[in-house]
Amino acid sequence: MTENKIPYKIYLTEDEMPRQWYNLRADMVNKPAPLLNPGTLQPMTAAELEGVFCAELVRQELDNDTPFFDIPQEIRDFYKMYRPAPLVRAYCLEEKLQTPAKIYYKFEGNNTSGSHKLNSAIAQAYYAKEQGLKGVTTETGAGQWGTALSMACGYLGLDCKVFMVKCSYEQKPFRREVMRVHGASVTPSPSEETQVGRKILAEFPGTTGSLGCAISEAVEVAVSTPGYRYVLGSVLNQVLLHQSIIGLESKIALDKYGVKPDIIIGCAGGGSNLGGLIAPFMGEKLRGEADYRFIAVEPASCPSFTRGEYRYDFCDTGMVCPLAKMYTLGSSFIPSADHAGGLRFHGMSSILSQLYADGYLEAQAVRQTDVFAAAEEFARVEGILPAPESSHAILAAMNEAKKCKETGEEKTILFGLTGTGYFDLVAYEKFHNGEMTNNIPTDAEIAASLAKLPKVD
Ligand SMILES: *Cc1c(COP(=O)(O)O)cnc(C)c1O
């Protein structure tokens, strides 16, 4: 097929949509390290995890061997409301950059929650409902996960209680209202409603909160309220499993036109969109069937891959969650409050951490003013207002395309455009007014936080 036949947007028909999620762990020789019980330091058992998470999600979390999981019909029907997500050939961006590179992006912002998070939210809400639960609790940082979960719970008639990181709660009142439109209750975290919230407030009065702290509060409420479980929007193996829909659809669309990417790029917060986007491609690489370069892009203000250590750590500030082995800055690390671009979690998915440790994945840390500059350049030619998180991937993709311009190489670049930035206009405003700073943690700050890691290894 000649190249000019490739349309601006490659859609799939409903029949072409994936019917199964792909479990990347099945093809990993070195499996991700298990979650540990913080008390005994033994791997968490299904029974222990079922106190916190829904039973089917626990099964998915612990299964390192089954390559494919059927997507239940009800979830596939929900997906059809906003999927397949378009795979866009960025002809306009290529033209603007005058690059011989061919750039594609998978756009996940085509739903009200504005991001890929709905892909896992509907799955997690579905299994909670199947189990006969009354509701779920969760945390949200920038607000996309909370919005996605509220939509999924509202649709299925489940109760949804969201702890929202306080600085986002204050900066993004409109996101909070979207959650309430869908029937969720939203509490700024840290709050007085939980023991752990009260403890953190006493220790750090005036704190603007962190994801790790909101997780502790949500878990506490889930385990102490009958009929409730906790759900998490990233980091966990089950979330990467659900997000594999992103990569599977991308691969089907590219295969239709015989296109094979050379470089695949995603932003990395907890690792779910990146893990989902790369999953089927990484599977091929792990099985020795194809080769790709994979790049994780993280903020310089929260650089877990590039400046963290691969150690067991808590997923939350309150240290109530199981220990996960991951690249981490330490669960007490709180990114600078002026960091506007999301991706604020201190750790990284255990699956991606293991792949990074084994050299299958590269990582880059970028500064937020560069990220916003790239976001604007992209918006002006591609007509989509990108989320700041997604714009980390845009920046890295543009940088790779510029390198192709210098070398004359016609590389094919695929990146994940995870969402839209309509609720991030306060951050864009700061950028326009020249008030955005690049607050990068010092080595001493990171060392101090890492020094508090539990001694496991
Ligand atoms: C949550 C979010 C991310 C980062 O989360 P991951 O789990 O690392 O994918 C990226 N982009 C958008 C738009 C998000 O909402």
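Which residues does Arg367 touch, not counting residues up to four places away in sequence? Please bear in mind that this is a predicted model. Arg367 touches Ala300, Asn438 and Ile440. Arg367 itself is found in the loop between strand E14, residues 362–366, and helix H15, residues 368–382. With a relative accessible area of 39%, Arg367 is partly exposed. Another residue, Ser390, is 23 residues apart from Arg367 in sequence, and the two are 14 Å apart in space, C-alpha to C-alpha.

Asp424 lies in the loop between strand E15, residues 412–417, and helix H17, residues 425–432. Is Asp424 buried or exposed? Its relative accessibility is 3%, so Asp424 counts as buried. Leaving aside neighbours within four places in sequence, Asp424 is in contact with Lys172, Ala387 and Pro388.

As a general point, nonpolar side chains tend to be buried together in soluble globular proteins. In this model the largest nonpolar core has 76 residues, and Trp21, Ile75 and Tyr79 touch the most other members. Helix H5, residues 118–130, gives the most to this core, with 8 residues. There is also a second, separate core of 28 residues, which includes Tyr105, Ala396, Met398 and Ile413.

Ring pairs link Phe78, Tyr79, Tyr82 and Tyr155 into a cluster. The charged end of Arg83 sits over the ring of Tyr79, 6.0 Å from its centre.

How many aromatic pairs does the structure hold? The number is 18. One of them is formed by Phe281 and Tyr292: this pair is edge-to-face, with 5.3 Å centre to centre and 80° between the planes. The pair links distant parts of the chain, with Phe281 in helix H12, residues 272–286, and Tyr292 in the loop between H12 and strand E11, residues 293–299; the two are 11 residues apart. Both Phe281 and Tyr292 are buried.

I come now to helix H18, residues 443–450, where Ile446, Ser449 and Leu450 are buried. Why do these buried residues line one face of the helix? Seen down the axis of H18, they fall within an arc of 100°, so they line one face. The buried residues of H18 pack against helix H13 (304–307), strand E12 (309–314) and strand E13 (323–328).

Finally, the cysteines. A disulfide is a covalent bond between the sulfur atoms of two cysteines. How many disulfides does the structure hold? It holds 0 disulfides. Cys153 is in no disulfide, and its nearest cysteine sulfur, that of Cys160, is 4.2 Å away. The cut-off for a disulfide is 2.5 Å between the sulfur atoms. Cys153 is buried, with a relative accessible area of 1%. Cys267 is likewise in no disulfide, and the nearest cysteine sulfur, that of Cys302, is 13 Å away. Cys267 also counts as buried, at 1% relative accessibility.

Key:
Residues are numbered from 1 along each chain as its sequence is written. This is a predicted model: local features need pLDDT of at least 70, side-chain atom pairs count only at pLDDT 80 or more; totals for chains, interfaces and linings use all residues. Side-chain values use heavy atoms; hydrogens and water are left out. Rings of Phe, Tyr and Trp (its six-membered ring) pair if their centres lie within 6.5 Å; planes under 30 degrees apart count as stacked, over 60 as edge-to-face and the rest as tilted. Helices (H or I, at least four residues) and strands (E, at least two) are DSSP runs, numbered from the N terminus. Buried means under 20% relative accessible area, exposed over 50%, partly exposed in between (1.4 Å probe, protein chains only). A charge sits over a ring if NZ of Lys or CZ of Arg is within 6 Å of the ring centre and within 35 degrees of the ring normal. The arc is that of the directions from the helix axis to the C-beta atoms. Contact means heavy atoms within 4.5 Å. A nonpolar core is a set of buried Ala, Val, Leu, Ile, Met, Phe, Trp, Tyr and Cys residues joined through side-chain atoms within 4.5 Å.
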